[in-house]
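Please consider the model shown below together with its sequence. The paragraphs that follow lead through its strands, its helix contacts and its backbone.

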Amino acid sequence: MTCLIVVPTLNEARHIGGLLEDLLVEAEAMDARIVVADGGSSDGTQSIAADVAARHRRVTLLHNPRRIQSAAMNLAVAEHGDGAKYVIRIDAHGKYPPDYCRVLVAQAELLGADSIVVPMTTVGRSTFQRAVATAQNSLVGTGGSAHRTGKSAQQVDHGHHALMRIEAYRAVGGYDETFRFNEDAELDYRLGQAGFSVWLTDATSMTYFPRATASSLFRQYFGYGGGRARNILKHRMRPRARQMLPLVILPAVLLAALSIVHWGFLVPMVAWGLACFALGAVAARKHFAEYGLPIALAPLVGVAAMIMHFAWSAGFWLHLARTATSRHSAA
């Protein structure tokens, strides 16, 4: 068996059937096993995966009692990773080229990399999703993250997880299952500290479909912010500039409450809002041909960016506050 293909799932009935049919073509060509690690779906995902598994010997349905993706990956590697050289992580909510897995393995063999990460392009269907996609694929939403903005192939500290050499994965202990968010960046940090290489390829990529509502987008980025804070505290890391900038957003919003005393307290929040709308308009104009978002709706890009920034900042600060409170109580 060349590699283990793991698909963590939780209520992905709309996508799992077609995804598995596509992956089976690759699994046959590569002599690979596909493991669907399901966290207790209630929408029929398990039934669909079980039916495919009954018809195809290369597909296995695995129950993931901890539900989260980090646990799904660890469990799949522990139970089915023996004999495989690589593990490939597939997001059930994404779309992949027909030769995605084969290209990843070829890149790993060619480069001798321990981990291959890929560019991730966000594509939306509804108007709001297209606004989110425009923000996430541009500076206003990502701060210049290499795997989001489509930069050329290079060695990186972190990227969207695609393939890892199982020997390296096991050497650092796999994913930290205490992380619900940011578990990929946390693992990349440990890989780097252990001397393993992470390579961003330009030979393939994946497509991601963003959250469809403002509330779900807020919850997602709130989790990302908390996960980043947890990562920084665990490893005593110094955040990068693009990660530090959103930290001022929650203080700016809270400061605005003092505008009843003096209008000057509004300035930081207003400056942030204007910057988001201006950069959002630039992004909408730049990506119009790709996402079809009318220029008249460009302000939605700024709104999406503001939701992402504020949620990330709030999640980060709340995690710090909770950590400080728990340490004080323990003392």
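This is a predicted model: local features need pLDDT of at least 70, side-chain atom pairs count only at pLDDT 80 or more; totals for chains, interfaces and linings use all residues.

In strand β4, V87 is the bridge partner of L4. β1 and β4 run parallel and are joined by four bridges. V87 also stands opposite M164 in β9. The pairing of β4 with β9 is antiparallel and extends over three bridges. Strand β4 covers residues 86-89, and both of its faces are covered: Y86 and I88 are buried on one side, V87 and R89 on the other.

Elsewhere in the order, strand β6 (residues 115-118) runs antiparallel to strand β9 (residues 160-165), and four bridges join the two. V118 is placed opposite H160 of β9. In general, the strands of a sheet pair through backbone hydrogen bonds, in either the parallel or the antiparallel sense.

A further sheet is also open. Strand β11 (residues 206-208) pairs with β7 in the parallel sense, over three bridges. Within this pairing, T207 in β11 is the bridge partner of T121.

The helices can be followed next. Helix α1 (residues 13-30) packs against helix α2 (residues 45-55) at an angle of about 20°, the axes lying 8 Å apart. The two helices are therefore roughly parallel to each other, and α1 passes α2 in a right-handed crossing. On the α1 side, A13, I16, G17, L20, E21 and L24 take part; they meet T45, I48, A49, V52 and R55 of α2. The residues of this contact comprise seven nonpolar, two polar and two charged.

Another helix contact involves helix α5 (residues 127-136) and helix α10 (residues 214-235), whose axes come within 11 Å and cross at roughly 30°. This angle makes α5 roughly parallel to α10, since angles under 35 degrees count as such. F128, V132 and Q136 of α5 meet A214, L217, Q220 and Y221 of α10. Five of the contact residues are nonpolar and two are polar, with no charged residue.

Most residues other than glycine have a negative phi. N11, although not a glycine, has a positive phi of about 60°. N11 lies in the loop between β1 and α1, and its relative accessibility of 36% means that it counts as partly exposed. R67 likewise is not a glycine, and its phi is positive, at about 75°. R67 is situated in the loop between β3 and α3 (69-80). With a relative accessible area of 45%, R67 is partly exposed.

Methods: Residues are numbered from 1 along each chain as its sequence is written. Side-chain values use heavy atoms; hydrogens and water are left out. Two strands pair if DSSP finds at least two bridges between them. Axes are lines fitted to C-alpha atoms, for helices over the stretch in contact, and angles run from 0 to 180 degrees between N-to-C directions. Angles under 35 degrees count as roughly parallel, over 145 as roughly antiparallel, 65 to 115 as roughly perpendicular and the rest as oblique. A crossing is left-handed if the near helix is turned anticlockwise from the far one by less than a right angle, and right-handed if clockwise. Contact means heavy atoms within 4.5 Å. Ala, Val, Leu, Ile, Met, Phe, Trp, Tyr, Cys and Pro count as nonpolar, Asp, Glu, Lys and Arg as charged, and the others, Gly among them, as polar. Buried means under 20% relative accessible area, exposed over 50%, partly exposed in between (1.4 Å probe, protein chains only).
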